[in-house]
Amino acid sequence: MEAGEQQTVETMIKCISVASANDACVAMAEHIWGSEEAFVEKMEAEIQNHSTMRFYLATNDYSTKQLMKDKFGDRIITSDSKAVRNTQVGIIEAWIELLALSHTQKILGSYYSSFSEMAARIGGIELNVVWNE
């Protein structure tokens, strides 16, 4: 899919079921479950409730890291290393991020993130799945 391209839900479901199209899966997931905008809204609500709130951002998407840093400044704590998960160093860095995330007080996660789910289980902490409303 191209950025900004729109498809019907029926077409997206066909792409998911027939072609296992990853782009279609992600687009549908974000439409139904949670987008960057939904995360921003949830984070802003957390800040309203807790003025000193900071967020540990564990993602392998550099553009998301930059978006959140631009929006929330020093409230964002994240690794600056490239998140390349197909190398030994990348796997070690992912493990470090998983452990860091597991030591937070609460996790705002997306439904398709086994990473968030595992961190919540390791840390015995609350996982809040972000939904589009």
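This is a guided tour of the structure, stop by stop, with what to select at each one.

**Before you start**

The model is predicted: local features need pLDDT of at least 70, side-chain atom pairs count only at pLDDT 80 or more, and totals for chains, interfaces and linings use all residues. Residues are numbered from 1 along each chain as its sequence is written, and side-chain values use heavy atoms, with hydrogens and water left out.

**Stop 1: the whole chain**

Show the cartoon. The protein has 6 helices and 4 strands. Helices (H or I, at least four residues) and strands (E, at least two) are DSSP runs, numbered from the N terminus. Read from that end, the order is α-α-α-β-α-β-α-β-α-β.

Switch to a surface. The protein exposes about 9000 Å², and carbon and sulfur atoms supply 53% of it. Accessible areas come from the Shrake-Rupley method with a 1.4 Å probe; for residues, only the protein chains shown count as cover. Of the 133 residues, 29% are buried. Buried means under 20% relative accessible area, exposed means over 50%, and partly exposed lies in between (1.4 Å probe, protein chains only).

Contact means heavy atoms within 4.5 Å. Among contacts with a separation of 6 or more, 39% join residues 24 or more positions apart.

**Stop 2: the largest core**

Select Ala38, Phe39, Val40, Met43, Ile47, Phe55, Leu57, Met68, Phe72, Ile76, Leu108 and Val130. These 12 residues form the largest nonpolar core. Such a core is a set of buried Ala, Val, Leu, Ile, Met, Phe, Trp, Tyr and Cys residues joined through side-chain atoms within 4.5 Å. Colour α3 (36-49), β1 (55-57) and α4 (62-72): these elements give two or more residues to the core. α3 gives the most, with 5 residues.

Now centre on Met43. Leaving out residues up to four places away in sequence, Met43 touches Phe55, Met68, Phe72, Ile76 and Leu108.

A second, separate core has 6 residues, including Ile107, Ala119, Ala120 and Ile125. In soluble globular proteins, nonpolar side chains tend to be buried together.

**Stop 3: the aromatic pair**

The structure holds 1 aromatic pair. Rings of Phe, Tyr and Trp (its six-membered ring) pair if their centres lie within 6.5 Å; planes under 30 degrees apart count as stacked, over 60 as edge-to-face and the rest as tilted. Select Phe55 and Phe72: the ring centres are 6.0 Å apart and the planes are at 50°, so the pair is tilted. Phe55 lies in strand β1 and Phe72 in helix α4, so the pair ties together parts 17 residues apart in sequence. Phe55 is buried at 10% relative accessibility, and Phe72 is buried at 9%.

**Stop 4**

Go to Ala58, in the loop between β1 and α4. Ala58 is partly exposed at 24% relative accessibility. Leaving aside neighbours within four places in sequence, Ala58 contacts Glu97, Leu101 and Phe115.

**Stop 4: salt bridges**

The structure holds 4 salt bridges. Each is a side-chain nitrogen of Lys or Arg within 4 Å of a carboxyl oxygen of Asp or Glu.

- Select Lys71 and Glu44. Their closest N and O atoms are 3.1 Å apart. Lys71 is in helix α4 and Glu44 in helix α3, 27 residues apart. Lys71 is partly exposed at 46%, and Glu44 is partly exposed at 32%.
- Select Glu46 and Lys106. Their closest N and O atoms are 3.0 Å apart. This pair links helix α3 with strand β3 (residues 106-109), 60 residues apart. Glu46 is buried at 10%, while Lys106 is partly exposed at 34%.
- Select Glu117 and Arg121. Their closest N and O atoms are 2.8 Å apart. Both lie in helix α6, 4 residues apart, about one turn of the helix. Glu117 is partly exposed at 36%, and Arg121 is exposed at 60%.

**Stop 5**

Met118 is partly exposed, with a relative accessible area of 40%.
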